[in-house]
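Hi everyone, thanks for making time.

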Amino acid sequence: MKKIIAISIALILCMPYAQFKLKFFKEKPLYGDIQIAKSPNNNWDDYWSGILQEKINIYINDNIGFRNFLVRVRNQTKYSIFRKPTANGVIIGKENYLYEGSYIENYFGTNTKPAFEIKNNMQKALLVQKQLEAKGKKLIMIFAPGKGSIYPQYIPDKMKTTKKITNYDLHRKYAIEFGVNLIDFNKYFSEKRFKYPVYPKYGIHWSAYSCTLAMDSLTKYIKKNTAFTEIPTFKIEKYELCKPTQKCVAELQKKYDTTKNKSRFDYLDDYDLGNGLNLLFDLDAIPPSAFPIYEWNTSYTMEKNPNILIVGDSFIWGLYQFGLWRISKEYKYWYYNKEIWNEHIDKSGLLNDDIFRTTIEKSDIIIVLGGEGTMQNFGWGFYDDYLRTH
Amino acid sequence: MIFSSIIFLTVFFPFFFILYYVIPKSWKNIYVLLASIVFYAWGAPKFIFAILATTTLDFFLVKTIYHSRTHSRRVLFLILSLCLNVGMLFYFKYCNFFVENFNLFLSTIGIKNIAWTKVVLPIGISFYTFESLTYVVDVYRRVHKPLNNFLQYQLYIILFPKLIAGPIIRYHEISEQIEGRLSRESVDDVLGGFYRFVIGLSKKVFIANSVALVADNTFNYGVENLSTQAAWIGMLAYTMQIYFDFSGYSDMAIGMGRMMGFRFPENFDNPYTAGSITEFWRRWHITLGSWMRNYLYIPLGGNQVKSKIRLYFNLWFVFLISGFWHGAAWTFIFWGVYHGVFLVLERLFLLRLYSKIPKLLSVFITFIIVNIGWVFFRMESISQAFGYVKKLFVVNRNYTYLYYDNEFWTMLILGILFSFFTLSNYGKRIQQAVFGGVYSNKKSIAMAMLCLLLYFLCLANITSSSFNPFIYFRF
């Protein structure tokens, strides 16, 4: 009997390496901005200095069999036993509402930049706006909502402090004062009451519901304030309530298969923070998200659409998902004014001055968009880059 | 290669042992030797040659000692061997320290410093040098004959489970086992060794690594800004870290040795339950204490010296050397001296005082003394260490921006519980049940399942330790 136990232990201990080499099982990938080490090049110099051994250790660590499962086990243990989130910057609030730390800092104003810096930034925004207007182009600034402002009641007590003037307050103040074109969804969604949640409990971006409302508002703004009056619009038939989990979403995708009918179901990840924890099991009591079932009018031609360039943070993805690409003839996206993402939301390279100039030259509408969580760096140097290159 | 690394746990450990059990007995020792060379060459690729060269030289020097006909010739080769071993240790471990301090002295008297390129310390040098010395001295003292088989000697020194961090094993403790264990192989040793290995791994990964974060943050915080509360918590965290890290490593070494049929000596015996510093050193790093007693204290005269002053000096000196052995820095020397002073005080009157007070009180006092000693062991400078100790006893309510989460408190409490639970008879029985004796079939199944669970939880922690991504990349 003991020999059987010993042999069983030996076989079990070999399984991670066997999986690494032979890949018996398909492993569910981990969620998040994850860098996996590649197999190092062997050379004697690196071996003598110890660098090769370190690289091999990291490579095996990142690629060992069942690693994704083991990471989930560890994360689940830390979450379930110690209430400890294992994604960088994630905070567990009251009633398990998840936040990112920067959203709370921005809400309380603990990371507010000096007022003169923000004022300076908005002055530059106005200057850029005027220069673009002279060329027949429109600059629009959009403030996406912040979870701190939408759900301050769930912020954990240990993170609460006296609310001071915030990056958002100052950006809004100076944008309005100087007459910068502004659509402020943070104010809109935090002050009004809505039928469905505008922010998901376990998500860090606006919900599918609030995204469609925002997209609707943006479309109407463009039609009213630019020469592009014939851009397509959409009509919402209803909202389907569905937990933002794979099973539920797959059912809706099947039900509203757009190859068979006009009504669209587009999915937005309302569970990205939950996914980002990389747990073994879904979080408790995931509230259903309200996914719009909507239909775009088909009587439009892309030729009458503007070329849209959008510069900003990850809140762009929600607008893209609900049709920003549909109202653009050519759509360009610069993630944090650094990475170029193409029409298919894939990274395609880094921004440089030539691409900066040529893209702006071709664009009709330029949107600079950011959520409250990244408001401390709003613009990400876009206005400076424009003034430098023009 | 450290035992708690992914490459060791998922590659070296399972495949080494599987092959070990499969190959013929006559090949096992050479196989272990080769694996040990690979193990050391992985972590210290250049120094493997140094260790192979010095062990080769030592082997022949010791044979010459044994076969020398005259006493003077024996002494000569003994001195040669001692110079080789201690010289190696001195050069790699202590030269930097002496040159730095000498240069400091030269600076104060206005003389130009000596140019010196810092020497890198080969991993494990303190441990295998001391083992080499036991072999040399014991052959000289005719405690045992030298080995005829060069490979067996190499195996004794380079045996990988104990090469990096002990236990320090005297040759005569293991000599019979090198060949004799092969005819006594048992599955109980394999399983018992595996369980011990996993317990050691768990001590390190769950307790030591968890409390280490707080210990590091506290000791790096800046003594002047620490509150009294934070100072006590940080000190306690380090006390648990060093014990569970070191004893965990010893458990892993002893466990792996047992899996090969070796019975290494124990290195820790619930040291924080000691009721005096004297007792502490019979329970903490036992093999080092044993080495110091046999090769330093006794040659200096031990307890047999005529004067009390000489006795106290011997005690204090041995601990000064112990401190210095731990590291080439004044803080380690001070730590050794600190323990030496308490040993002397105990001989003078403290032991008599402890005998008159409840045992728990003497345990508590000893624990505090040991804790304070660890502050000197951990700090970079003696003045900082004194500053830290002052914070412990002069109440300071500075707000310290250190965060203690639930995981830290849980592991700290578990650490304290495991450190002291053998003060009760119930705790002693549990320890005996886990570590002592042979398991029944039922108990083996339960232990195997528990240890596999712990093993994979440790693996999960280790592989995830570098996993802390942002959900979205940001600039």
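What you see is a predicted model, where local features need pLDDT of at least 70, side-chain atom pairs count only at pLDDT 80 or more, and totals for chains, interfaces and linings use all residues. Residues are numbered from 1 along each chain as its sequence is written, chains are lettered from A and ligands numbered from 1 in the order in which they are written, and side-chain values use heavy atoms, with hydrogens and water left out.

Let's start with one residue in chain B. Gln152(B) sits in helix α6, which covers residues 150-158 of that chain. Is Gln152(B) buried or exposed? Its relative accessible area is 13%, so Gln152(B) is buried; buried means under 20%, exposed over 50%, and partly exposed in between, with a 1.4 Å probe and protein chains only. Setting aside residues up to four places away in sequence, Gln152(B) touches Leu147(B), Ile178(B) and Glu179(B), where contact means heavy atoms within 4.5 Å.

Pro152(A) is in the loop between α7 (147-150) and α8 (167-178) of chain A, and with a relative accessible area of 26%, Pro152(A) is partly exposed. Beyond its neighbours within four places in sequence, Pro152(A) is in contact with Tyr107(A), Lys147(A) and Lys160(A).

Next, how the two chains meet. The size of an interface is often given as the accessible area lost when the parts come together. Here, the area buried between chain A and chain B is about 4900 Å², and carbon and sulfur atoms give 68% of that; buried area is the accessible area (1.4 Å probe) that two parts lose on being put together, summed over both. On the chain A side, Lys2(A), Leu13(A) and Phe82(A) lose the most area to chain B, together 15% of what that side buries. Chain A brings 53 residues to the contact and chain B brings 54 residues.

Side chains of opposite charge can pair when their charged atoms come close. How many salt bridges cross the interface of chain A and chain B? The rule finds 4 there, a salt bridge being a side-chain nitrogen of Lys or Arg within 4 Å of a carboxyl oxygen of Asp or Glu. Lys2(A) comes up again here: Lys2(A) forms a salt bridge with Asp188(B), with the closest N and O atoms 2.7 Å apart.

Over all chains, the structure holds 32 salt bridges. In one of them, Lys94(A) meets Asp157(A) at 2.8 Å, N to O. Lys94(A) is in the loop between β1 and β2 (98-100) and Asp157(A) in the loop between α7 and α8 of chain A, so this pair ties together parts 63 residues apart in sequence. Lys94(A) is partly exposed at 30% relative accessible area, while Asp157(A) is exposed at 52%.

Another pair is Lys124(A) and Asp384(A), at 2.5 Å, N to O. Lys124(A) belongs to helix α6 (residues 115-134) and Asp384(A) to helix α15 (residues 382-389) of chain A, so the two tie together parts that are 260 residues apart in sequence. Lys124(A) counts as partly exposed at 22% relative accessibility, and Asp384(A) is partly exposed at 35%.

On a 1 Å grid over the protein atoms alone, a cavity is a set of points where a 1.4 Å probe fits but cannot get out, and a pocket is an open set with protein on both sides within 12 Å along at least five of seven lines; lining residues have an atom within 4 Å of a point. Grid points are joined across faces, edges and corners, and a volume is the space filled by probe spheres set on the points.

This pocket is lined by 50 residues, with Ile199(B), Lys203(B), Phe244(B), Phe418(B) and Phe435(B) nearest its centre. Which helix gives the most to the lining of the second largest pocket? That is α9(B), with 8 residues.

As for cavities, the search finds 2 of 30 Å³ or more in the whole structure. The second largest cavity has a volume of about 60 Å³, and its lining includes Thr54(B), Asp58(B) and Tyr153(B).

Methods: Helices (H or I, at least four residues) and strands (E, at least two) are DSSP runs, numbered from the N terminus.
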